[in-house]
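Me: I would like to go through this model with you. Could we begin with the contact between the chains?

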Amino acid sequence: MIFDLLLYDRPARSDAFYMRLTNKAIGWQRSALAVGGYDIGSFTLQLGSRAELDNFYNNNLGYRIVEKTAGIITWEGYIVEMRRMQMGTEYLHSLHPDRFHNKVKAIYSYPSEDDSEAGGAYDYDPSPNSFQDASQDFSDWETLAGDATYRIVVINSDDTRCWGFLGAAFTTTSTDDSIYVYTDVELSTAGWNGDTSGKTVASYTVSNVELAGSRQDTGFTENTDSSAEYGTMEYIINLPGATPEESEDLRDTRLTKFAWPRSRAVQSAVIAGDSYRSGDSLHVMVAGFWHTLNWTHRTSSRVAAASDLITTVVGESEFVTAGRIEDNSLGAKVDCDPIAQRRGDLIERIIEKGDQDGNLWQGGVYADRELIYEQAPTAIDYYMSKNKLLDRARSPILVPTLVEPGFLLRFDSAPAGSQPIGTSSLWDDPSVGYVDMVEFVAPSTLNLQLYGEEGVLITLEQQIFSGGA
Amino acid sequence: MAVVTKIQYGDAGDEVSFQDGDAGIQLLPGWLARIAPLSLDAPNQIEELPIRITGSNHDDLAFHLKELQELQRDSVEYDDGVKTTGVWLHAKLNNETGERRVFTKSIMGDFATSWFGSSGSIETSGAVSNIAEIPLMIERRPFWESITGTSTPSASQGDAAAFLYDYTLSPGADVVGDIGARVNQLEISNTTAAVTIDRLWVGIRSTKFGDPAALVPVWECEDGTNEALASDVVQALASKGIEVEGTPSGDDTWEKYLTIKTSDAVGSTAYTDNWGTFLWLLRWKVPSSSTFDVELRFGFDGMADSDWMRGGKVRLVGDGNYAVSSGRWIATVPFALNRFSGYPGLSNVSKTWAIQIWARRTSGSGKVYFDCLMPIPLDEGWLIAEGMDLANTERFVFGELPCGDTMEISKEDKGPPTARPEIDTHNFRYPPGDGRLVMAYARASTSVLTDAIDIETGSYYPAWASLRGDE
């Protein structure tokens, strides 16, 4: 093989070299994007025995994969998912965010305090400008001085509503089963907002004047053992109205359920009472470390130059560091309050803004998990001639694994044409395309996709080193 | 000279000969030996050997069958990783001088076929039901090997950024065979006290690309043409005692510092020996508190700068020490003469091919220093190791096993393993004929030319696609 595939421990753990997979990874293929860098890949693993396959499946999720050619890192990612077929049943082991997260919080709307579930007899004005629920104790919601802390909304049997601010509680039938009502929060004018005459109460709610309806945050809870193994994967539960206790319970339950990536059977071809034999197989899917940028959220907003923001945001990530970040003074904002944003999404949006001169920019996570951010090229890097990809020197590409996305490609056989009047950039040249996706399929196929085009446009069987003799 | 066909466990273990006539197992006429394509990617071959097993009685018949089945089991157990030695198929024609062998992956045979007696009828009992004919199917590696390995000499090195190692020096004979010889053992040891050698680059160079002894493994930057920003300065720690000092005119601006042509580096007559595809290493340094990015560009002297092929950028955060950087710098020194002989002007293709060194300072206020370039050939095979972690007296050992897997380990001298290096290797076999290894090594993040290593005595096994003859 022109490349080697190497396996390392999880980067959150030791990241130590583990083994060579080169001759054991069948059907290796992987892709890279001009915005994102190393993207996704896959292979089928061929090991000596079922026990070895099981061991790999059980223990190597999250391990780092590196493709190298002549010592140069040409792709890098982590094992994100594995599918194990055994005796007709498929098992899944995955780091997909829906199946695994070890740091969870819930966002919820502050609820009403209570409602008419107390179920007692309701009455307007047992005493003037008051409300009674014979089974309720209103003393928890009374305000004796200052502005009212709580208010009441009453729904009548004819669907009309009356509401007011709660003052002091008092006893009509049971202790503190009634409470005085005011039209203003300052509790200066006794009475109701709305017409209570002739109305029959159907139900009511009591709510906190300041907090009701506001979005609350339980705070994160984390399984630090899991984070130490795999890295931190955040998950935010978005709830409507809920109590703090309910929200925290939901958060904790979710964390318990998903803190560890558990293997699960997902599909079976076995028919009850029948026997089924199928070959053992293990299919491995990998993802570039760009995807780990979306494992965590940023919660604070900031306005700054695009390159500064990218440097800041990537500096907050666990696995990716800032590599070559070219200066881009275009003003940009990361808006993360009140809605938290995933860091990868933020960086992607900044990249896609380009610069203040309207130039396209590109960026992604490449070798050594470094983020590269730069203006898209303005010079031709490759040529397409007679179905061969040639470099700047018009020599055939000898090492397809070295071809990265984000380059201008001139088609020698493009229909003769001229640039639109008034343009001089290569981007306006009809024989030039911008390649924003490169896929390598071992042993020697390159698929290229042009910017703005759906699907793969160009497939090349590149002549590569055969070497030796 | 006698015919040899047999299968044998290991180098000297149990063997089963197929030349025993009526006293055991005999190879019948009709074996058409396979010939693998001459490529290191050639697949395993399936041999079909028609054999006849003759026993003096049924127990004797069973004995011979069990011999075969034992070796069949040995082959399976080696493939499963249970045994450390496998099974070989040996062969030699009647007048062939050299015996050869090939590693087997599996041995299969329909052992319950064709029971018959001397009458030719299917025999169910009686004294003559003691012959079995079996088509023995053997899956084997693509190429035959010599029975014994050829040793490679020891050597010492400790004063150059890169060097040539002659693996044919002892016994003073070129590599024989039809295709690259299997490298059984390549071993280097760190002979420098208080130093850890961590990285190794090795490329193979044979007569396919001219005279391997004439390859220049170090291109001195001071032999090139400096731009206005650069000048040669004396530096005892540099290769040949001189380095090129570059003074940037400002920050964050890419500037060209020097250009070095093939003719500058290898002299006027060695173009025919210095072409091919190389991984280019750069030995350079940056002072503490400065950071530089560097980029190599490849093209022909005289081309506009914008037309040069760009090889990727590498960043060095300076600490004042030399470093060996390996960027995405794979480029071919062209050689047109083999196809375009007689075309006027094309003899200049090689000698005007050149490398530009561009750099920019991204922080600090220091200068940048370029020492040399080291071309590691990639056309025929390479071995690149990182994480060797070799302390003084420790050894790095690499070898290709007969089954095709590789073994690489760092270890104490006559002691246990100390590290598991990461290996990137491709077609690492010694081609037939004369040849050299082009080697460079360094510490984990720095390079000191006086760090010394020994290349220990190693071995290889020549390989053939079919007959060995008298090689």
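Reply: A definition comes first: a salt bridge is a side-chain nitrogen of Lys or Arg within 4 Å of a carboxyl oxygen of Asp or Glu. This is a predicted model, in which local features need pLDDT of at least 70, side-chain atom pairs count only at pLDDT 80 or more, and totals for chains, interfaces and linings use all residues. Residues are numbered from 1 along each chain as its sequence is written, chains are lettered from A and ligands numbered from 1 in the order in which they are written, and side-chain values use heavy atoms, with hydrogens and water left out.

Me: How many salt bridges are there between chain A and chain B?

Reply: There are 4 salt bridges between chain A and chain B. In one of them, A:Lys68 pairs with B:Glu386, and their closest N and O atoms are 2.9 Å apart.

Me: Which strand gives the largest share of the side of chain A that touches chain B?

Reply: Strand 2 of chain A does, with 4 residues; strands (E, at least two residues) are DSSP runs, numbered from the N terminus.

Me: And what area is buried between chain A and chain B?

Reply: About 2,900 Å², with carbon and sulfur atoms giving 48%. Buried area here is the accessible area (1.4 Å probe) that two parts lose on being put together, summed over both. Chain A brings 32 residues to the contact and chain B brings 39 residues, where contact means heavy atoms within 4.5 Å.

Me: Changing topic: is A:Arg30 buried or exposed?

Reply: A:Arg30 counts as buried because its relative accessibility is 2%; buried means under 20% relative accessible area, exposed over 50%, and partly exposed in between (1.4 Å probe, protein chains only). A:Arg30 lies in strand 3 (residues 25–33) of chain A.

Me: Which side chain joins A:Arg30 in a polar contact?

Reply: That of A:Glu67, at 2.7 Å. A polar contact is a pair of N or O atoms within 3.5 Å; within protein, one must be able to donate a hydrogen and the other to accept it, and residues adjacent in sequence count only if both atoms are side-chain atoms. A polar atom of the A:Arg30 side chain also lies 3.2 Å from the backbone oxygen of A:Thr401.

Me: Now chain B. What stands opposite B:Ile53 in strand 8?

Reply: B:Ala132 does. Strand 4 and strand 8 (residues 131–140) of chain B run antiparallel and are joined by 10 bridges; two strands pair if DSSP finds at least two bridges between them. B:Ile53 of strand 4 is also the bridge partner of B:Ile25.
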